[in-house]
Amino acid sequence: MSAAKSESNRQSVVLVGLDWDVIELIESDKRFELLGVFDANYRSALGQPPALGADSQWHGFLATNQFVQVVMAVDPPAVRKKLFGFYGAERVLTLISPDAHISLRSEIGPQCLIQMGAKVMPLVRVGRGAKIHINATLHHEVDLGEFCTVAPGAQLLGKVVVGEGSYIGAGAIIRQRCKIGRNVKVGAGAVVVADLPDGVTAVGVPATRRLGQN
């Protein structure tokens, strides 16, 4: 249908990028009706939620669903940023799980996705378009840049600064006061104990840069 709301007065949304945790988050929120998933590799089980095809099919879908909005679940920061432009940034929703702890003293930018069990503590700033996964924790005074991804169980300790477009892997720990540059990749389970410059990949305990990077 082309109306903004369904007959049950819920906002029609689509998910971009398959993420079952996010599907369950949307389905549990009575404000939304999930119309389907845009992901070229997704094949729906029993037709639920419907597979809507690849990104290239978006504009055809939009022609008959002109008021639909988007939940952006794609993990790689650079890809997510690009898709904001393709789908239309003005259509991308901010979605925060009611099970997440969000301090009233924190600042959450627009169009963020914060999943179940995440903790955002006092004086944290989360930039536009960031994705914070299940059980990730941003401790006090963390500054998380635009379009960053913080994977499940990762911990950013107090006063950590993360530059735009960086990816913090599952279970990684960033020591307090560390500064992570732009477009950095921190591997799963890594423990970062020193600053990282732009564009590097860091892995291990303690985390070290992969060979051949600045």
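Contact here means heavy atoms within 4.5 Å. The model is predicted, so local features need pLDDT of at least 70 and side-chain atom pairs count only at pLDDT 80 or more, while totals for chains, interfaces and linings use all residues. Residues are numbered from 1 along each chain as its sequence is written, and side-chain values use heavy atoms, with hydrogens and water left out.

View 1. Helices (H or I, at least four residues) and strands (E, at least two) are DSSP runs, numbered from the N terminus. Along the principal axes, the C-alpha atoms of the protein chain fill a box of roughly 55 × 40 × 30 Å. The radius of gyration, taken over C-alpha atoms, is compared with a globule rule of 2.2 Å times the number of residues to the power 0.38. For 214 residues a compact globule would have a value near 17 Å, and the protein chain, with 18 Å, agrees. Of these 214 residues, 48% count as buried; buried means under 20% relative accessible area, exposed over 50%, and partly exposed in between (1.4 Å probe, protein chains only). Among contacts with a separation of 6 or more, 22% join residues 24 or more positions apart.

**View 2. Here is an open sheet of eight strands.** Two strands pair if DSSP finds at least two bridges between them. The order is β5-β8-β11-β14-β17-β20-β22-β23, and the pairing is mixed. At the edges stand β5 (95-96) and β23 (208-209), each with a single partner strand, so one side of each has no neighbour in the sheet. Strands of a sheet pair through backbone hydrogen bonds, either parallel or antiparallel. Look inside the sheet for β20 (residues 185-186) and β22 (residues 201-203), which pair in the parallel sense over two bridges. V186 stands opposite A202 in β22.

**View 3. S97 sits in the loop between β5 and β6 (101-102).** S97 is buried, with a relative accessible area of 2%. Which residues does S97 touch, leaving aside its neighbours within four places in sequence? They are L25, I114, Q115 and M116.

**View 4. P49 belongs to the loop between β2 (32-38) and β3 (51-53).** A relative accessible area of 2% makes P49 buried. Leaving aside neighbours within four places in sequence, P49 is in contact with several residues, including W20, I23, E27, Y42 and S44. V37 is another of its contacts; the C-alpha atoms of P49 and V37 are separated by 6.9 Å, and the two residues are 12 residues apart along the chain.

View 5. Most residues other than glycine have a negative phi, and most peptide bonds are trans.
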